[in-house]
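Me: Can you walk me through this model? I'd like to start with a sheet and then move on to the core.
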Amino acid sequence: MDEREQLERDGAALRSHLQARIDLIEVGGLVTYLARPRRRHRLVQAARFSFAVAGAALLLIAALIVGTQFRLSRVTPATSPVPSPAPIGLSAKYGIVALTPDGFVVRSETDPNPIRRIETSHLFPQTVAVSRSGRLVAYWRQPTVGEDRGDVLMLYDAATNADPRPLLKVANENGGPLVWADDDSGIAFASQIFRGPAPGPPMKIQIVEIANGAARGPAKLLQYQRESAELGVVRPLAWIRETRTVSAIEGTIDGVAKSYVTVGEDGAVKRYAVSGSDQVVRLDDVIADPQTRTLAYLVTFRCQDGTPGCTLVRFWTLEDPQQALGWQATPGTTFMHLLWQPFTRNLLVVTRSDRGRFLTLQVWSSPHFGSSQSIPLSQSDASFLLMRPDGRAIFVGALSGSWRGDLIALDGTAAPSAADLTSTGGGAPALSITLDSNEAGRVAALPPAAPLLSESDMMAQVRKTAGFPDRIDRVSASLDRGTYPLAGRAPTWTVKATGEFQQNFRGGPGGTVPPAHCATWTFNARTGVLLGVQMTDAVANCS
Amino acid sequence: MDRRQWETELVACYARVVRALIVLARSREQGEDAFHDALTAALEPGVMDGIRRADAWLFTVGLRSLRKSQWKARLDVPLLNLRRTSSPPTTERVEVIELLGQLAPRQREVVIARFYLDFSYEQIADAFGISVGTATATVSQALARLRKTEKGRATWTNASS
């Protein structure tokens, strides 16, 4: 048999083999590839772009005809995506806290005229805190003339718009950053003895319990002490009542975060470094989610090629900082801002394309860290990000003479809409609040902590993880509920499976190593985040 | 290609293109994403006019998207794999992955184009930006490489006997 004949014979055989095998792969209907949620925005974008080009090139009437024809022809029964939902609207149930030079104003989303103007010299967003329900706003007031020295912690009920009431006074101290307990039953705050300019004396962390809009007893001083004089700032991030722990971030007065601290109500303090000489973390870029019990922060570092400005997001479990994961931005992309989405397991990440300078809002579902949904933003600068208390929508906007932006529905039930949050008399939008008491009640009734994932959730996740081309024969899962109350182990699921696993990480991607026959996955049981994968050949003790 | 012709060809070819991309991606989701990218690109203004054959165009554009995403995916491993959704795998499919895994990436792509999608050598040359001679040589080398392996002899060569 000559070479050409051999080639033809081999080709025919291979064709037959490939077609017989590959045709076995199940494929969905064509419409499924157009209607997938993650990509739908791109289709909308492509359609919009086509209209824009037509409009610039043709007369208005011609553009309308062409555009309509194009759209009509595109929406055929076989390929049409789901119909575009109606735009999301502003709601009188929600309001905005906008910071002004002398305090802040409160306004409805639908009305630019403030319903309340509050004077305070504390202008930092961290010294104004909104409760989980969005209804209560806590802030500091300086003593008035004739009062004893020391700031007063105030409480404003946005649903009733009644006059703010004092909660407690910190004698001879300045009030600092504050945060609500995860169930709205108290406030943790930092304070500092009043004395001269920075760096000044060390800051303290205190907690106060609240019931029916009043403090239950005096504030309790926690046994927190800074480690060095360099650490001029401490900011409480979360107060988890179940674990009796306040999580806080320490840093320098110029805003560089240095260490994460867990301070127990019983006095135990643990400290973990968050930045080093080659990695910079800003205090403002550290966020904690009491619902999923997760800490996330943005790290800026020097890239491998020596250029500055590479970014990554690092995650910690609040009660177990040993469970750390990092996620680096892909080349050409920079992480800009982080935000938790309440009552979900989602982290929102604003990214910027280094080439086009355009922004994208990525929704990272924690069991699938990495973008699971990308929403292109129309702004070139996200100066403000305001999450509605119920977590279903977010304002994203930039300062351009006025506070204009987009209101984006995060549950995919509505299309984005333009929103102008400019308040009469001025003010920079800083926080979203709930003005309607029924709505506040609805949000307050939602569980304060994300429930532990079930065994079936884990099994489903593993089956996705070990999907095509892997094969699972037997699988079992076990739950470790973790240890409480303080900085113990976070709850984890361990799933073991026997079968054949092509994605054998021992050799990295590329399939050059033989498949493994035992796989063990460890997940955070509250978030579903994959903590580790182990692949072995031995199947003993594997299920 | 006009809209009507495009839709007719699309309905006829999409399943094979999706499968080809899934096999090359070794991942259902990445393959489907690549196909989706190609489909989205085809809807951009003026693009459809320049398409001569739907399957060749979708495969080429999808392949380009796949290469880009796989390059990015190297940074994401292992967590990226959590995002896959798939139906239960079968042994046959694993066999194909194993078989093609013995080829270099370019050989794998060309083999799929030639023997699964039935592209001519001219179409392969056009799609991959190579000469017809290079396309022919790549296929010959891929076949020779498969024939040398034990798995190759044990699987696809039996189909001809």
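Reply: Some terms before we start: two strands pair if DSSP finds at least two bridges between them, and strands (E, at least two residues) are DSSP runs numbered from the N terminus, as are helices (H or I, at least four). This is a predicted model, where local features need pLDDT of at least 70, side-chain atom pairs count only at pLDDT 80 or more, and totals for chains, interfaces and linings use all residues. Residues are numbered from 1 along each chain as its sequence is written, while chains are lettered from A and ligands numbered from 1 in the order in which they are written.

Me: OK, what stands opposite A:Gly405 in S29(A)?
Reply: That's A:Ala419. Strand S28 (residues 403-409) of chain A pairs with S29(A) over four bridges, in the antiparallel sense.

Me: And what order do the four strands of that open sheet come in?
Reply: S26-S27-S28-S29 in chain A, with antiparallel pairing. Strand S26 (384-387) and strand S29 (417-420) of chain A each have a single partner strand, so one side of each has no neighbour in the sheet. From one strand to the next, the twist averages 25° (axes are lines fitted to C-alpha atoms, for helices over the stretch in contact, and angles run from 0 to 180 degrees between N-to-C directions).

Me: Switching to the core. Which residues touch the most other members of the largest one?
Reply: A:Val137 and A:Ala188, out of 116 residues. A nonpolar core here is a set of buried Ala, Val, Leu, Ile, Met, Phe, Trp, Tyr and Cys residues joined through C-beta atoms within 7 Å. A residue is buried if 20 or more other C-beta atoms lie within 10 Å of its own, exposed if 12 or fewer, and partly exposed in between, with C-beta atoms placed from the backbone.

Me: Which strand gives the largest share of this core?
Reply: Strand S13 (residues 233-240) of chain A, with six residues. The core lies between domain 2 (94-444) and domain 3 (455-536) of chain A, because both give residues to it; those bounds come from an automatic or database domain assignment.

Me: Is A:Asn172 buried or partly exposed?
Reply: Partly exposed, with 13 other C-beta atoms within 10 Å.
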